[in-house]
Amino acid sequence: MLKPGGTYGEGDEALEFYAKHTAQIEIVRLDRTMEQIVFPVPNICEFLTQESKLRVYYTTERDEQGSKINDFFLRSEDLFNEMNWQKKLRGTQEATGNTNTVPSQPILYWCSRNMSFWSSISFNLAVLMNLLVAFFYPLEGVRGGQATFVLFY
């Protein structure tokens with residue numbers, strides 16, 4: 001009943017706000033009862049990138065029952081710093097003579113939103129440079145097949 005888009009369509013704005021600004025978890029207590037906890041999501045969390053969310057989801061330790069929470073709290077400081085950095089990059093300032101707002105550092109913001117793209121480009125360029133060095137390294141004066149290669153990355 002608390003999901004937006006119900007049968008009557010009344011109060012959808014309030015329900016959308018509620019759904020956007022709250023989250024819930026289910027906890028299994030010691031007596032094997034499951035309890036659902038609803039909590040507010042701070043506004044700073046909207047600055048967390050999708051890539052970071054997926055990284056936490058796929059790399060969180062899930063070996064034991066209590067390991068997920070411990071692993072998450074070990075990462076929380078890095079995530080909080082990333083959210084503050086993204087907020088600072090996305091910080092808006094008024095455009096001159098206009099009421100619209102623009103990101104204060106649009107190029108850095110765009111680069112930071114596409115970090116996996118830049119990572120894959122740098123890796124591919126490193127592989128290309130290593131292949132070029134490997135294929136075009138002058139081996140004419142090498143004695144006994146001893147060659148030293150310089151690997152970049």
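Me: Why is Glu 35 called partly exposed?
Reply: In this predicted model, Glu 35 has a relative accessibility of 33%. Buried means under 20% and exposed means over 50%. The value for Glu 35 falls in between, so Glu 35 counts as partly exposed.

Me: What makes the contact of Arg 29 and Glu 35 a salt bridge?
Reply: The N to O distance between the two side chains is 2.8 Å. The cut-off is 4 Å between a side-chain nitrogen of Lys or Arg and a carboxyl oxygen of Asp or Glu. The pair is within that limit, so it is a salt bridge.

Me: Is Arg 29 buried or partly exposed, and why?
Reply: Partly exposed, because its relative accessibility is 37%. That lies between the limits of 20% and 50%.

Me: How many salt bridges does the structure hold?
Reply: The count is 3. One of them joins Arg 55 and Glu 82, at 3.6 Å from N to O. Arg 55 sits in helix α2 (residues 50–59) and Glu 82 in helix α3 (residues 67–90), so this pair ties together parts that are 27 residues apart in sequence.

Me: Why is Glu 82 called buried, and what is Arg 55 called?
Reply: Glu 82 has 18% relative accessibility. Buried means under 20%, so Glu 82 counts as buried. Arg 55 has 40%, so it counts as partly exposed.

Me: What makes Arg 75 and Asp 71 a salt bridge?
Reply: Their closest N and O atoms are 3.2 Å apart. The limit is 4 Å, so the pair qualifies.

Me: Why are Arg 75 and Asp 71 separated by about one helical turn?
Reply: Because they are 4 residues apart in helix α3. Asp 71 counts as buried, because its relative accessibility is 14%.

Me: How do you know that Gln 86 is buried?
Reply: Its relative accessible area is 1%. The limit for buried is 20%, so the label holds. Gln 86 belongs to helix α3.

Me: Which residues does Gln 86 touch, beyond four places in sequence?
Reply: They are Phe 47, Thr 49, Tyr 109, Ser 112 and Arg 113.

Me: How do you know that β1 and β2 pair?
Reply: Strand β1 (residues 22–28) is joined to β2 by 7 bridges. Pairing needs at least two, so the strands pair. They run antiparallel. Glu 26 stands opposite Gln 36 in β2.

Me: What phi does Arg 32 take in the hairpin of β1 and β2?
Reply: A positive phi near 70°. This hairpin has 5 residues between the strands.

Me: Why is Val 28 called partly exposed?
Reply: Its relative accessibility is 43%, so it counts as partly exposed. Val 28 lies in strand β1. Beyond its neighbours within four places in sequence, it is in contact with Thr 33 and Met 34.

Me: What separates the C-alpha atoms of Val 28 and Gln 65?
Reply: The distance is 9.8 Å, for residues 37 apart along the chain.

Me: How many helices and strands does the protein chain have, and in what order?
Reply: The chain comes to 5 helices and 4 strands. From the N terminus on, the elements run α-β-β-α-α-β-β-α-α.

Me: How many of the residues are buried, as a percentage?
Reply: Buried residues make up 12% of the 153 in the chain. The accessible surface comes to about 13,100 Å², with 60% of it belonging to carbon and sulfur atoms.

Me: Which elements have the lowest and the highest mean pLDDT?
Reply: Strand β3 (residues 92–94) has the lowest, at 52. Strand β2 (residues 34–40) has the highest, at 91. The chain averages 78, and 75% of the residues score at least 70.

Me: Where does pLDDT stay under 50?
Reply: Over residues 94–99. The model has 3 contacts for them beyond four places in sequence. Where pLDDT is low, the predicted coordinates should not be read in detail.

Technical notes: Residues are numbered from 1 along each chain as its sequence is written. This is a predicted model: local features need pLDDT of at least 70, side-chain atom pairs count only at pLDDT 80 or more; totals for chains, interfaces and linings use all residues. Side-chain values use heavy atoms; hydrogens and water are left out. pLDDT is the predictor's confidence in each residue, from 0 to 100. Contact means heavy atoms within 4.5 Å. Buried means under 20% relative accessible area, exposed over 50%, partly exposed in between (1.4 Å probe, protein chains only). Accessible areas come from the Shrake-Rupley method with a 1.4 Å probe; for residues, only the protein chains shown count as cover.
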